[in-house]
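Please examine the sequence and the model shown here. The questions that follow take up its parts one after another.

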Amino acid sequence: MATPTVRPFLKWAGGKAQLLDAFTRRVPRELTEGTLPVFVEPFMGGGAVYFHFNSVFEFRECHLFDINEELVLAYSVVKNDVSALIDYLSDVSDEFLPRNDPGRKEYYYAVRDAFNRERGAIDFGQYGEGWIERAGQLIFLNRTCFNGLYRVNSRGGFNVPFGRYRNPTVLHEEVLRADSVALRNTTVHLGDFTLSEPCISEDAFVYFDPPYRPLNRTSSFTQYSKNRFSDEEQKRLAAFYARCDAKGARLMLSNSDPKNTDPDDGFFDELYAGYRIDRVPARRTINCDGTKRGEIREIIVTNYDPHDPER
């Protein structure tokens with residue numbers, strides 16, 4: 001039984017909370033039998049799938065990878081220094097919430113400016129005391145910015161405007177403490193998804209959640225790092241998926257379905273020909289235009305039959 005408070009401590013564009021049931025119904029038989037002791041996620045993002053699977057199934061070890069330095073830093077702090085992080089966020093919350101709207105806005109932009117200005121002084125390769133404040137700033141900005149987006153410019157500067165929430169929760173203490181416990185069996189790695197290959201073997205269940213291929217030119221949420229995830233990157237990922245398949249690992253990948261907007265677009269059907277592709281309903285919830293937050297389909301690609309009659 002999953003602990004209710006184990007859930008992502010960050011809002012994240014493309015978060016998979018709404019698809020957890022669809023993913024769980026499609027896990028490999030070996031996972032339910034307890035014979036896949038390793039979980040690997042080469043694109044950890046907001047972590048909805050990781051936190052869910054790591055609380056439902058018994059893994060000996062988990063490995064999370066991401067190219068986003070700020071995200072890796074925040075996960076590392078939640079794992080290693082959650083009490084200090086909670087103290088920091090408690091102070092920030094006490095300073096921010098009593099202010100009126102103009103005061104909150106001023107506070108938000110002061111934190112955002114400091115976050116961007118101090119980026120060059122952070123050693124993302126060496127855990128240090130300064131990481132606690134950095135993670136706290138990220139969580140505060142995430143909880144109070146417009147739509148909970150994480151977006152950076154070409155220089156890596158966080159540039160999401162103030163969100164004007166009436167009563168934002170800056171500190172989710174129970175969630176942070178539960179997530180810290182969940183992370184005990186987990187190693188968080190900074191780097192490209194291909195760096196996960198040494199962790200992948202026939203003992204592993206691998207879930208891929210790459211930056212989604214945009215449904216159209218204006219719907220891209222791939223800019224969570226300063227490097228865009230192009231169609232060429234999607235092809236590079238498909239080649240990596242095939243290498244992991246050859247290792248005997250059980251694989252699951254999700255992405256947007258281009259057939260939502262173009263029934264003739266077989267991009268993923270061609271990339272993952274030979275694997276199972278299921279199309280499942282989902283809702284797009286992050287869009288500045290509320291009329292475009294409707295139901296769409298997403299794809300789930302597996303290298304096994306999730307409907308094996310022996311399950």
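Q: Which residues does N54 touch, not counting residues up to four places away in sequence?
A: The model is a predicted one, in which local features need pLDDT of at least 70, side-chain atom pairs count only at pLDDT 80 or more, and totals for chains, interfaces and linings use all residues. Residues are numbered from 1 along each chain as its sequence is written, and side-chain values use heavy atoms, with hydrogens and water left out. Contact means heavy atoms within 4.5 Å. With residues up to four places away in sequence set aside, the residues that N54 touches are F59, C62, A182, N185 and T186.

Q: In which helix is N54 placed, and is N54 buried or exposed?
A: Helices are DSSP runs of H or I with at least four residues, strands are runs of E with at least two, and both are numbered from the N terminus. The place of N54 is in helix α3, residues 48-56. Buried means under 20% relative accessible area, exposed means over 50%, and partly exposed lies in between, with a 1.4 Å probe and protein chains only. Because its relative accessible area is 12%, N54 counts as buried.

Q: With which side chain does the side chain of N54 make a polar contact?
A: A polar contact is a pair of N or O atoms within 3.5 Å; within protein, one must be able to donate a hydrogen and the other to accept it, and residues adjacent in sequence count only if both atoms are side-chain atoms. For the side chain of N54, such a contact is found at 3.1 Å, and the partner is the side chain of N185.

Q: Which residues line the largest cavity?
A: On a 1 Å grid over the protein atoms alone, a cavity is a set of points where a 1.4 Å probe fits but cannot get out, and lining residues have an atom within 4 Å of a point. The structure holds 1 cavity of 30 Å³ or more. The lining of the largest cavity is made up of F9, L89, I139, R143, V170, L171, H172 and L176.

Q: How do the residues of the lining of the largest cavity divide?
A: Ala, Val, Leu, Ile, Met, Phe, Trp, Tyr, Cys and Pro count as nonpolar, Asp, Glu, Lys and Arg as charged, and the others, Gly among them, as polar. On these terms the lining divides into 6 nonpolar, 1 polar and 1 charged.

Q: With which residues is L176 in contact, leaving aside its neighbours within four places in sequence?
A: L176 lies in helix α8 and, at 3% relative accessibility, counts as buried. L176 and S83 are 93 residues apart in sequence, yet their C-alpha atoms are 8.9 Å apart in space. Apart from neighbours within four places in sequence, L176 is in contact with F9, V78, V82, L85, I86, L89, I139 and L171.

Q: In what sense do strands β1 and β2 pair?
A: Two strands pair if DSSP finds at least two bridges between them. V38 stands opposite E61 in β2. Strand β2, residues 61-66, is mostly covered, with 5 of its 6 residues buried. Over 4 bridges, β1 (residues 38-41) and β2 pair in a sense that is parallel.

Q: Which side chains make polar contacts with the side chain of R279?
A: R279 lies in strand β6, residues 276-283. Its relative accessible area is 30%, so R279 is partly exposed. Another, of 2.8 Å, is with the side chain of D269.

Q: What is the phi of N147, about?
A: Most residues other than glycine have a negative phi, and most peptide bonds are trans. N147 is found in the loop between α7 (130-144) and α8 (173-182). N147 is not a glycine, although its phi is positive, at about 60°.

Q: Is K16 buried or exposed?
A: K16 lies in the segment before α1 (20-24). Among the residues that K16 touches are F23, Y207, D209 and E298. Because its relative accessible area is 4%, K16 is buried.

Note on methods
On a 1 Å grid over the protein atoms alone, a cavity is a set of points where a 1.4 Å probe fits but cannot get out, and a pocket is an open set with protein on both sides within 12 Å along at least five of seven lines; lining residues have an atom within 4 Å of a point. Grid points are joined across faces, edges and corners, and a volume is the space filled by probe spheres set on the points.
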